[in-house]
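Let's take a walk through a protein fold together. Have the sequence and the 3D view ready, and follow along piece by piece.

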Amino acid sequence: MEEGCEILQLYEIPYSDLLLLSSSSASCSHYQERMIMKNLGPTGPGLFAITNVPDASLLRRKLLPLARKLALLSPDDRKRILRDHNLGSDVPLKNPDRNVSSFAMQLKYAQGMEAIESKPSDGVGSLLNLENETMGSIGDFEDDVFDNLENMFKALGLCMMEIGLCLARICDRAIGGNELEQSLLESCAAKGRLIHYHSMVDSLVLREAGPKKGSSKRNPNNHARSKENLMKGANLDTIGNEVRLCEIHPNLWQQWHYDYGIFTLLTDPMFLLSSHRTTAKSEFSNSSDQECASPSGHSYLQVFHPNKNKVFMMKASPESFIVQVGESADILSKGKLRSTLHCVRRPARFENLSRETFVVFLQPAWSKTFSISDYPMEHYNPSVHHLEQAEEHYFADQDQNALTQEIQKIVPPLSARLKDGMTFAEFSRETTKQYYGGSGLQSNK
């Protein structure tokens, strides 16, 4: 539960120190390198934060609110905007009951090199002409709200890719070899996602605006019933094991899972409070939003800390970048890095609060072959190891023990998804199938 979940302040390192630490002639603190490896290694939480990234504050402030605006556009307007800015989506946007809207683009390392060579001295603000934009309400939609969408998306994404390469270099030096950095460069690309986590009010907006089934006459009780279900935290997207988990840990925006790439970089989230004004045309035809602080002061990103057998709520400095370890890094490092099991909570009692973030997933080439020789068995099949730990702590914390066992029921173990000699493409396909496929542990309707 949110009230009983311990908050973990992430270890942080300034961007300038990360660059120095990644250079071949680095003379900066070995303490920082040890702390990075401690936090990303087997005894750590699997993530840390990077602060004071140049231009990140401006890009975050301008780009993240566009996630909600895109999510609530009419399908035709959204399709046109996405096409004009070379964006797609990897979630079913036609489903009005969705919890998340995601807008994606493939980012190429070659673009980053070109941007660095041609970047003007006045910086990102001058390049994108970001200041003094008019960010109108959803109801007063104008195309120029999205004028800089593609440029901002690429600028923030390529910045994160550069950080990922620096981090891979640091980890390689600590581990030995250059497996991580080489794997990233061989992939030639990463995936960026601009993500809107819907407020309960957003869900009502989409449902009211969506196509009506059956009679064209609207039942006046439908809206009240929909709102009542949402206020109770009903998750209309989930069945089976997901529902059982939500009984113990309700109101998840995103279910428990591992990322299966090398590193995931994401912005500290932005929270928006939405307001709606009624018109004769539609009860929720116009919607505007305003940035607000996190209600609890943390990110609502939760992680399972395997060494402590506990769930923690993550807290990072405002406008920092958070780095998580993916399963590919865990495998390639022979367990010297530990992948992060995580979910995203929905705040209780805030029906008009949404969460916005930008994420870059760094992964190896699809043809990269994995070997599990010398890979720690407790990582490969962690359920037995975790249950042994849980038994030791059962009487000390029965709630945590119950949650641990419920998480294990919906997260397929690595041993079920990875076989020796698999390519990354085969591993990602099997992982997606076991999470979300027709018989997957988190399959949808």
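Start with helix α18, residues 424-436: its 13 residues reach 18 Å from first C-alpha to last, close to the 18 Å expected at 1.5 Å a residue. That expected span is 1.5 Å times one less than the number of residues. Helices here are DSSP runs of H or I with at least four residues, strands are runs of E with at least two, and both are numbered from the N terminus. In α18, the buried residues are Phe-424, Ala-425, Phe-427, Ser-428, Thr-431, Gln-434 and Tyr-435. Buried means under 20% relative accessible area, exposed over 50%, and partly exposed in between, using a 1.4 Å probe and protein chains only.

A quick word on the model: it is predicted, so local features need pLDDT of at least 70 and side-chain atom pairs count only at pLDDT 80 or more, while totals for chains, interfaces and linings use all residues. Residues are numbered from 1 along each chain as its sequence is written, and side-chain values use heavy atoms, leaving out hydrogens and water.

Zooming out, the protein chain has 18 helices and 14 strands. Of its 445 residues, 53% count as buried.

Now for a pair of helices. The axes of α8 (residues 149-175) and α9 (residues 179-187) come within 7 Å and cross at roughly 150°; axes are lines fitted to C-alpha atoms, for helices over the stretch in contact, with angles from 0 to 180 degrees between N-to-C directions. Among the residues that meet are Leu-165 and Ala-168 in α8, and Leu-180 and Leu-184 in α9. Contact means heavy atoms within 4.5 Å.

Next comes an open sheet of five strands, in the order β1-β11-β10-β13-β6, with mixed pairing. β1 (6-9) and β6 (252-258) stand at the edges with a single partner strand each, so one side of each has no neighbour in the sheet. Two strands pair if DSSP finds at least two bridges between them. β10 (residues 301-305) and β11 pair in the antiparallel sense over four bridges, and Gln-302 stands opposite Met-313 in β11.

Which loops hold Glu-319 and Asp-374? Glu-319 is found between β11 (310-315) and β12 (321-325), while Asp-374 lies between β14 (353-362) and α14 (377-380). Each has a positive phi without being a glycine.

| Residue | Phi | Relative accessibility |
|---|---|---|
| Glu-319 | near 70° | 34%, partly exposed |
| Asp-374 | about 65° | 68%, exposed |
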